[in-house]
Amino acid sequence: LLVALVLCIVCSVIVAGAAVYLKPVQASNKVLDRKKNILSAAGMFSPGEHGAAEVEELFGRFTVRMVDLDTGEYLSEEELARPELNPDRYDQIKAAKDAKLSEALPGADDIASIKRREKVAQVYLLEEEGRLEKIVLRIRGYGLWSTLYGFLVLDGDASTVVGLAYYDQKETPGLGGEVDNPKWKALWSGKQVFDEQGAVAIDIVKGSVDKGVPEAVHQVDGLSGATLTSNGVENMLHFWLGERGFGPYLSRIRGGQA
């Protein structure tokens with residue numbers, strides 16, 4: 001018993017010490033991985049081709065802005081002075097769990113099944129020679145087994161998809177897990193998320209898209225054998241591109257007000 005007790009204590013100390021010592025490294029790697037996913041969705045990064053320094057350099061081309069999701073407007077300098085809204089420390093996922101920084105969603109509005117929505121979101125903007133080139137939006141929503149966390153990248157017109165990437169999901173490998181398949185992600189490029197009236201029109205169809213119909217510009221092939229995950233992705237996009245998500249902000253961009 002004494003040997004077992006001493007062994008448990010020693011092992012606990014070693015494990016706890018390693019966890020504390022490696023925590024900064026884990027946090028740094030987590031941030032780096034998020035940046036890689038943003039760059040990947042934006043078509044600026046290929047796994048294995050860039051080191052950490054190159055990732056930081058590429059990501060440095062983006063400007064991070066804080067957006068009030070209700071109004072679609074950028075936060076004022078006075079609002080940004082609040083510690084909890086500092087762009088360098090702000091975490092949307094944590095904010096969604098804070099009653100002061102988020103709001104509960106009524107069942108009818110919660111089509112993405114996230115329960116609470118943060119009041120302020122971060123957007124990543126890529127500008128070239130004074131022209132808005134790409135807009136990166138952080139999105140999340142429930143699939144079949146898990147909440148999928150990812151990034152949707154739109155062209156500067158705030159309507160055309162550049163890319164879609166998920167950095168955290170636990171869907172069934174080979175089925176819903178195919179949201180990470182490069183071939184499926186490539187289908188999103190060039191799709192239009194809004195119709196001519198400005199309504200969210202993106203649609204994940206069962207089977208393959210009929211490229212001969214006008215609606216094809218809004219449609220993406222469904223995931224084979226993963227209807228519920230496909231529905232989850234569609235619901236997620238409809239939520240975050242709608243009035244309770246980034247809809248007001250994207251509308252302001254299309255209208256030249258942002």
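Modeller: Let me begin with a term: two strands are taken to pair if DSSP finds at least two bridges between them. Please also keep in mind that this is a predicted model.

Colleague: Fine. In what order do the strands of the open sheet come?

Modeller: The open sheet is made of five strands in the order β1-β4-β5-β6-β7, and their pairing is antiparallel. The edge strands, each pairing on one side only, are β1 at 62–68 and β7 at 161–168. From one strand to the next, the twist averages 25°.

Colleague: And how many bridges hold β5 and β6?

Modeller: There are nine bridges between β5 and β6, which pair in the antiparallel sense, and the two strands form a hairpin with four residues between them. Within this pairing, Leu137 stands opposite Leu152 in β6.

Colleague: Which residue of β7 does Leu152 face?

Modeller: On that side, Leu152 stands opposite Leu164 in β7. Strand β6, residues 147–155, is joined to β7 by six bridges, and these two strands also run antiparallel. Their hairpin has five residues between the strands, and Ala158 in that hairpin takes a positive phi near 60°.

Colleague: Which helix lies across the sheet strands β1, β4, β5 and β6?

Modeller: That is α7, residues 247–254, which lies across β1, β4, β5 and β6 and runs at about 165° to β5.

Colleague: Changing topic, how many salt bridges are there?

Modeller: The count comes to eleven salt bridges. In one of them, the side chains of Asp70 and Arg117 meet at 3.1 Å, N to O.

Colleague: Why would you say that pair ties separate parts together?

Modeller: Asp70 lies in the loop between β1 and α3, whereas Arg117 lies in strand β3, so the pair ties together parts that are 47 residues apart in sequence. Asp70 is partly exposed at 46% relative accessibility, while Arg117 is buried, its relative accessible area being 0%.

Colleague: And what does Arg244 pair with?

Modeller: Arg244 forms a salt bridge with Asp109, with 2.7 Å between the closest N and O atoms. Because Arg244 is in the loop between α6 and α7 and Asp109 in the loop between β2 and β3, this pair ties together parts that are 135 residues apart in sequence. Arg244 is partly exposed at 24% relative accessibility, and Asp109 is partly exposed with a relative accessible area of 30%. Asp70, Glu103, Asp109, Arg117 and Arg244 are linked in a network of salt bridges.

Colleague: Now the rings: how many aromatic pairs does the structure hold?

Modeller: The structure holds nine aromatic pairs. Among them is the edge-to-face pair of Phe239 and Trp240, whose centres are 5.0 Å apart with 90° between the planes.

Colleague: Are those two buried or exposed?

Modeller: Phe239 counts as buried at 3% relative accessibility, and Trp240 is buried with a relative accessible area of 1%. Elsewhere, Phe59, Phe62, Tyr124, Tyr149, Phe151 and Tyr167 form one aromatic cluster.

Colleague: Last one: where does the charged end of Arg254 sit?

Modeller: The charged end of Arg254 sits over the ring of Phe194, 4.2 Å from the ring centre. Arg65, in turn, lies over the face of Tyr74, at 3.8 Å from the centre of that ring.

Technical notes. Residues numbered from 1 in each chain as written. Predicted model: local features only at pLDDT ≥ 70, side-chain atom pairs only at ≥ 80, totals over all residues. Heavy atoms only, no water. Phe/Tyr/Trp six-rings, centres within 6.5 Å; stacked < 30°, edge-to-face > 60°. Buried < 20%, exposed > 50% of the residue type's maximum accessible area, 1.4 Å probe, protein only. Lys NZ or Arg CZ within 6 Å of the ring centre and 35° of its normal. Axes fitted to C-alpha atoms, helices over the stretch in contact; angles between N-to-C directions. Contact = heavy atoms within 4.5 Å. Salt bridge = Lys/Arg side-chain N within 4 Å of Asp/Glu carboxyl O.
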